[in-house]
Amino acid sequence: VLARTLFGRTTALAAALILAGFPPHLHYSRLALNNIADPLFGTWALAFIARGLRHNHRLDYALGGVMLGLTQYFYEGGRLFFPLLALGWLAAGLILWRPRPALRGAIVVLVAFALVGFPLYYTLISMDFPLIDRLEKTRLDDIYPELDNGSGTLRTRLVHFRQSLMLYVNAPENTIFYYYLYYGGKHPLILEYLVPLFFLGLVFALWRWRGPGVLPLGWVLLTSAGNAMLVESGVTARYVIAFPALALLVALGLRETVRLLWPQRFAERLQTGAVAAAAVIIMAGQAWFYFGPFLDYFHVEVHESPTSDVDDAILRSKNFPPGTHIHIVAEGIMMAADDAQRFADFLADDLTVEIIPPDDITLETLLKLPRDVDHAFYVLPHDAPVLVELNKTFGLETVELSPFENVPDDKELWLYYVPAPSDPPEPPD
């Protein structure tokens, strides 16, 4: 809807097909992170506002404001980004465009946005929760290691901005702390053979700087500017908000190139057919890449960084009796304790998960564990001191291995399962 309103039906068809096979979009849809909801409501908001700009219908402006308000109920990136983008877009229109958008329409957008989005902030304030908690934890400040000439300098922000731009066309996901985080791989967000079309789309969007068609250019640049303010500018999860814009710019480059190169004597319908055929080929090629080479490498990469496979351990625990305490004894893993607990809560009811450094497993700590519930210890095979303490305390002689075949041997955790005795002993003084 957005692409059709701004650039016509042919570009819209190409953008929809390209986005349908866009590898990062497929990946984040399948990961089911809440980030993927942001561009849905954000794109709807921009689409209705674009319709309002074109037809000057108050209902379109109102629906745009409603959708913009709904962006406030998902991830913080969309909460902050899309209102800034939409309001900046309208503000630029009032200053630069000819003809200018109706001021009344912009006011309708603001009122609808406030009515829909305000309940979230009222709730956060009433419960004394931070309004932008995630940003407070991830922005550039002194608690993080200094980058270049210091985390707060203009140079550092420019370095991050450059890294953010490179992530679209040149650099794979590469963070400070981990090589792989969410998307990984060896390629940028846009596959290399589509980069020329992307750059052409940027040029054609810039050519429309005095009209609504400049939107996808501002969309991409504002995404990079926002990421330049964070400690990690190379985390692909923070670029999900820009996925529709990236597909739209590739489609725009494709459509306008065909229009420029196609002989005028051929009918518009043939041009549309050529663009659609090319978009189908691009979609199929992207999908083949994602479900083939990308996932093959992803399955290897996801196991390389952590020292142990915590996901495998929690999956193996889903049928444990309610109340079981799960102890993952390992270091160098990539899953936080609260994330592990949420994963277990998703799979089963009333399981308790904790991640313990191996040095914390001693005879004293094991004897203090409650004995009226089952305990499951996941331990690396080479962690001899932990195995000795478990055997000494519980007299275990057997371990269980993972039933899943794709777990690397050096990442697999052995399971020591300690059922609660029928007559639990009194805890030590």
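Two remarks on method come before that. What you see is a predicted model, in which local features need a pLDDT of at least 70 and side-chain atom pairs count only at pLDDT 80 or more, while totals for chains, interfaces and linings use all residues. Residues are numbered from 1 along each chain as its sequence is written, and side-chain values use heavy atoms, with hydrogens and water left out.

Four strands form an open sheet in the order 2-1-3-4, with mixed pairing. Two strands count as paired if DSSP finds at least two bridges between them. In general, strands of a sheet pair through backbone hydrogen bonds, either parallel or antiparallel.

Which strands stand at the edges of the sheet? They are strand 2, residues 352-356, and strand 4, residues 414-418; each has a single partner strand, so one side of each is left without a neighbour in the sheet. From one strand to the next, the twist averages 20 degrees, where axes are lines fitted to C-alpha atoms, for helices over the stretch in contact, and angles run from 0 to 180 degrees between N-to-C directions.

Strand 1, residues 325-329, pairs with strand 2 in the parallel sense over five bridges. Strand 1 also pairs in the parallel sense with strand 3, residues 375-379, again over five bridges. His 325 shows both pairings: its bridge partner in strand 2 is Thr 352, and its bridge partner in strand 3 is His 375. Further along, His 327 stands opposite Glu 354 in strand 2. Strand 1 is mostly covered, four of its five residues being buried. Buried means under 20% relative accessible area, exposed means over 50%, and partly exposed lies in between, with a 1.4 Å probe and protein chains only.

I turn now to the charged side chains. Side chains of opposite charge can pair when their charged atoms come close. The structure holds nine salt bridges, each being a side-chain nitrogen of Lys or Arg within 4 Å of a carboxyl oxygen of Asp or Glu.

One of them joins Arg 208 and Glu 256, with the closest N and O atoms 3.4 Å apart. Why does this pair tie together separate parts of the chain? Arg 208 lies in the loop between helix 10 (195-206) and helix 11 (215-227), and Glu 256 lies in helix 12 (residues 243-261), so the pair links parts that are 48 residues apart in sequence. Arg 208 is partly exposed, at 25% relative accessible area, whereas Glu 256 is buried, at 8%.

Another salt bridge brings together Asp 312 and Arg 316, at 3.0 Å from N to O. Asp 312 is buried at 3% relative accessibility, and Arg 316 is buried at 13%.

A further one links Glu 389 and Lys 392, whose closest N and O atoms are 3.8 Å apart. Both residues lie in helix 17 (residues 384-394), three residues apart, about one turn of the helix. Glu 389 counts as buried at 17%, but Lys 392 is exposed at 53%.

Finally, the surface. Leu 94, Leu 115 and Trp 209 are among the residues of a nonpolar patch with about 870 Å² of accessible area together. Helix 7 (103-126) gives the most to this patch, with four residues. Leu 115 has its place in helix 7 and is exposed, with a relative accessible area of 64%. Patches are made of residues with over 30% relative accessible area and no salt bridge; like charges are joined within 9 Å, and nonpolar side chains (Val, Leu, Ile, Met, Phe, Trp, Tyr) within 5 Å. Accessible areas come from the Shrake-Rupley method with a 1.4 Å probe, and for residues only the protein chains shown count as cover.

Key: Helix = DSSP H or I, 4+ residues; strand = E, 2+ residues; numbered from the N terminus.
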